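Please keep the sequence and the structure at hand while reading.

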Amino acid sequence: MKISRNHELIDINRMPIQTNIADQCCFKHDNLPFEYFCIDHDVLSCKECLAESHRSCQKVMSVDIACKGAKQSQSFIDATELVDHVLETTHTIGKDEQDFIENIVKEANSVKTAVRIVKEEAIRHIEALEKSLLHDLDLKKDKIIQKSKTTIKETEDIKKSTKDKQDIFDLVNKHGSEKQAFIAVHAYKQDLTDLEKRVTGITEKSTRFTINLNPQKLQESIHSIGSIELSEVPSAVKFVQKKKCQSQMPIVQAQSMPQFVYKQDLDTKNVEIYGMTINDNNEVILVDT
Ligand SMILES: [Zn+2]
Ligand SMILES: [Zn+2]
């Protein structure tokens, strides 16, 4: 086999799948090749199309003639540039989405931490409420007990005074005269009335407490400890259609300058710096050779 010097050999695996591009046929008329180009409509046309749609067109040429110099034509350059532009943008979108996923995972994790902190705060708050509730319980319990202790003391006092009277009446009853009994009854009449009043006073005022918890229904009063909010802004990646940006400046992805951290002084007095760049780790590199 003779290989012409002007032909380039390429790896068969790198050939586009649809190699026989000449087989591109009319979309409307299957299997009919594009043989014509209508300049009026700026479209390819097969035999059938020509008859159907371009009969009155002024500028119809054979594809073989129209194709002359196609590789240098503006439309071919435009088409290849558009392909590059779309591929570049899809690459940027892919990377941007991947970065976005990583970022959203990070954000979700910090929200989880924040939720845990809110929960811990709520628990600390409930613990403080518990402490105050138990303090109130102790105060109320002590007050009730104190009241009962006062009653016991007062009752003891009445009992002691009554006992004294009982001793006197016993003595008079066993060993005293009728006169002594008469005098005792009348002499202690007021004392006995007072003792009776004091005892009545105690029994009349006496009440009984019970202590219970009136629980706050937490499920009803605490509905939530927060809510998850999303905020949405347009993505930074923009695809500007080639036609719209043709006469404009080339698109450069906006890049924010990295933040630099001072690490050390560099003595550049006797060194000539030829170049300066920033690597992917955001480190400044000075080139001296
Ligand atoms: Zn056709
Ligand atoms: Zn036409």
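The sections below cover confidence, strand pairing and helix packing.

## Confidence of the model

The model is predicted. Its mean pLDDT is 86, and 85% of the residues of the protein reach 70 or more.

Over residues 245–254 the pLDDT is below 50. Beyond near neighbours in sequence, this stretch has five contacts in the model.

## The three-stranded sheet

Three strands form an open sheet in the order β2-β1-β3, and the pairing is antiparallel. The edges are taken by β2 (43–45) and β3 (60–62), each with a single partner strand, so one side of each is left without a neighbour in the sheet. On average, neighbouring strands of this sheet are turned by 30° against each other, direction ignored.

Strand β1 (residues 36–38) pairs with β3 in the antiparallel sense over three bridges. Within this part of the sheet, tyrosine 36 stands opposite serine 62 in β3.

Strand β4 (residues 275–278) and strand β5 (residues 284–287) are paired in the antiparallel sense, with four bridges. Isoleucine 278 stands opposite valine 284 in β5. Threonine 277 has isoleucine 285 in β5 as its bridge partner.

Between the two strands of the hairpin lie five residues. Asparagine 282 in this hairpin takes a positive phi near 60°.

## Packing of α3 with α4

Two packed helices are described by the angle between their axes and the distance between the axes. For α3 and helix α4 (residues 178–187), the angle is about 160° and the axes are 9 Å apart. Angles over 145 degrees count as roughly antiparallel, so α3 is roughly antiparallel to α4. The crossing of these helices, α3 and α4, is left-handed.

On the α3 side, the contact is made by Ile168, Phe169 and Val172; on the α4 side, by Gln180, Ala181 and Ala184. By class, the residues of this contact of α3 with α4 are five nonpolar, one polar and no charged.

## Packing of α3 with α5

Helix α5 (residues 189–205) also packs against α3: their axes come within 10 Å and cross at roughly 155°. This makes α3 roughly antiparallel to α5. The crossing of α3 and α5 is left-handed.

Which residues of α3 and α5 meet? From α3 they are Thr151, Glu154, Thr155, Ile158, Ser161, Thr162 and Lys165. From α5 they are Asp191, Leu192, Leu195, Arg198, Val199 and Ile202. The residues of the contact of α3 with α5 divide into five nonpolar, four polar and four charged.

## Points to keep in view

The contact of α3 with α4 includes no charged residues, whereas the contact of α3 with α5 includes four. For residues 245–254, by contrast, the pLDDT is below 50.

Note on methods
Residues are numbered from 1 along each chain as its sequence is written. Chains are lettered from A and ligands numbered from 1 in the order in which they are written. This is a predicted model: local features need pLDDT of at least 70, side-chain atom pairs count only at pLDDT 80 or more; totals for chains, interfaces and linings use all residues. pLDDT is the predictor's confidence in each residue, from 0 to 100. Two residues are in contact if their C-beta atoms, placed from the backbone, lie within 7 Å. Two strands pair if DSSP finds at least two bridges between them. Axes are lines fitted to C-alpha atoms, for helices over the stretch in contact, and angles run from 0 to 180 degrees between N-to-C directions. Angles under 35 degrees count as roughly parallel, over 145 as roughly antiparallel, 65 to 115 as roughly perpendicular and the rest as oblique. A crossing is left-handed if the near helix is turned anticlockwise from the far one by less than a right angle, and right-handed if clockwise. Ala, Val, Leu, Ile, Met, Phe, Trp, Tyr, Cys and Pro count as nonpolar, Asp, Glu, Lys and Arg as charged, and the others, Gly among them, as polar.
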